[in-house]
Amino acid sequence: MPRPFRFGVSLLSPTSAGEWRAKCRRAEQLGYDVILVPDHLGMPTPFPSLVAAAAATERPRLGTFVLNAGFWNPTLLAREVATTDALTGGRLELGLGTGYVPAEHEKAGLPWGSPGERVDHLLRTVEEVDRLLGSDDHRPRPAQRPRVPLLIGANGDRMLRATAEHADIAAFTGARAVGDGKLEPLTAEELDERVGRYQEFAAGRKEPAELNLLIQIVELTDDRAAAVRPWLGHLPNLSEEQALRLPLVLVGTLEEIVDQVLAQRERYGFSYLTVLEPNMEAFAKVVEALRGR
């Protein structure tokens, strides 16, 4: 049996306290299962924002999507995770990645490092946070035991191996970093290969991980070609037909999008879908149509 769907929304825009609470309540009303906050300069700070989200809502889980491991000292991160999990009543999901925007590290006065160094730091972070929060002596204590669920965002082989070894949730962006903080989408066939590679690394797991996909474009429309045309400038070297076949693009009627989401769960195993804040209202109709499936 396929894993039931979960749906998350990543909230990107800084707001006042009242606006933030209203936005989180709206996400809950629309049926989202997880309220997420990214880790980029110029966007809301993750952990205080999630505590505020918890105070404004009752049902959704709350996640970092994803923390840039290079911004964090593992010991200080363990304190943040434990405190936030306690203050949210055990609703936290910890998402981690290596980061992909060199300019943010430069602005923060932090080293960027080589790809290998960034993966090394992420692995040390995962292992140290697990060690610290798994100790009965650590204060503060997280609410969830044996640990806060871990999501890792990955694309390269080394990160996919780390995700298979450590993560409860394997997150795929459907894109690759191409330098200067830019992302290039993966074709359906390229994503087949990446998910297949992850499954090779995960073959020895006792329990399968939940698979997540970040959806970049959502539009309900009767004219798919016209809807995707304005995005072609951001999708270099792709035709309209190729753009519409990208797994991270959901464009069409409600029935067409529902069919695509079901087909992608069958093809790749993606049962946990995340959309960006600008798509929260549009995608809610898909959430409603797929609830319980």
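**Exercise 1. Work out which residues form an aromatic cluster with Phe-172, and describe the pair Phe-172 and Tyr-198.**

Solution. Keep in mind that this is a predicted model.

Step 1: Phe-172, Tyr-198, Tyr-268 and Phe-270 make up one aromatic cluster.

Step 2: Look at the geometry of one pair in it. The ring centres of Phe-172 and Tyr-198 are 6.0 Å apart and the planes stand at 90 degrees; planes over 60 degrees apart count as edge-to-face, so this pair is edge-to-face.

Step 3: Phe-172 belongs to strand S7 (residues 169-172) and Tyr-198 to helix H7 (residues 188-201), so the pair links distant parts of the chain, 26 residues apart.

Step 4: Check the surroundings. Phe-172 is buried, and Tyr-198 is buried too.

**Exercise 2. Decide whether Leu-211 is buried or exposed, and list what it touches.**

Solution. 

Step 1: Find Leu-211 in strand S10 (residues 210-215).

Step 2: The relative accessible area of Leu-211 is 4%, and under 20% counts as buried, so Leu-211 is buried.

Step 3: Setting aside residues up to four places away in sequence, Leu-211 touches Ala-170, Phe-172, Val-195, Tyr-198, Gln-199, Tyr-268, Gly-269, Phe-270, Ser-271 and Tyr-272.

Step 4: For a sense of distance, compare sequence and space. Leu-211 and Leu-232 are 21 residues apart along the chain, and 27 Å separates their C-alpha atoms.

**Exercise 3. Describe the aromatic pair of Phe-47 and Trp-72, and explain what it ties together.**

Solution. 

Step 1: A search of the whole structure gives six aromatic pairs.

Step 2: One of them is Phe-47 with Trp-72, an edge-to-face pair at 5.5 Å centre to centre and 85 degrees between the planes.

Step 3: Phe-47 sits in helix H2 (residues 46-56), while Trp-72 is in the loop between strand S4 (67-68) and helix H3 (74-87), so the pair ties together parts that are 25 residues apart in sequence.

Step 4: Both Phe-47 and Trp-72 are buried.

Step 5: Stay in that loop and look at Gly-70, which also lies between S4 and H3. With a relative accessible area of 28%, Gly-70 is partly exposed. Apart from neighbours within four places in sequence, Gly-70 is in contact with His-105, Leu-110 and His-121.

**Exercise 4. Find out how helices H5 and H6 pack, and which kinds of residue meet there.**

Solution. 

Step 1: Two packed helices are described by the angle between their axes and the distance between the axes.

Step 2: Helix H5 (residues 115-133) packs with helix H6 (residues 157-166) at about 10 degrees, and their axes are 11 Å apart. Angles under 35 degrees count as roughly parallel, so H5 is roughly parallel to H6.

Step 3: On the H5 side the contact is made by Gly-116, Val-119, Asp-120, Leu-122, Leu-123, Val-126 and Glu-127, and on the H6 side by Arg-158, Met-159, Ala-162 and His-166.

Step 4: Sort these residues by type: six are nonpolar, two polar and three charged.

**Exercise 5. Which rings do Arg-6 and Arg-118 sit over?**

Solution. 

Step 1: The charged end of Arg-6 is over the ring of Tyr-272, 4.4 Å from the ring centre. Tyr-272 was also among the residues that Leu-211 touches.

Step 2: Arg-118 lies over the face of Trp-112, with 3.8 Å to the ring centre.

Key: Residues are numbered from 1 along each chain as its sequence is written. This is a predicted model: local features need pLDDT of at least 70, side-chain atom pairs count only at pLDDT 80 or more; totals for chains, interfaces and linings use all residues. Side-chain values use heavy atoms; hydrogens and water are left out. Axes are lines fitted to C-alpha atoms, for helices over the stretch in contact, and angles run from 0 to 180 degrees between N-to-C directions. Helices (H or I, at least four residues) and strands (E, at least two) are DSSP runs, numbered from the N terminus. Angles under 35 degrees count as roughly parallel, over 145 as roughly antiparallel, 65 to 115 as roughly perpendicular and the rest as oblique. Contact means heavy atoms within 4.5 Å. Ala, Val, Leu, Ile, Met, Phe, Trp, Tyr, Cys and Pro count as nonpolar, Asp, Glu, Lys and Arg as charged, and the others, Gly among them, as polar. Rings of Phe, Tyr and Trp (its six-membered ring) pair if their centres lie within 6.5 Å; planes under 30 degrees apart count as stacked, over 60 as edge-to-face and the rest as tilted. Buried means under 20% relative accessible area, exposed over 50%, partly exposed in between (1.4 Å probe, protein chains only). A charge sits over a ring if NZ of Lys or CZ of Arg is within 6 Å of the ring centre and within 35 degrees of the ring normal.
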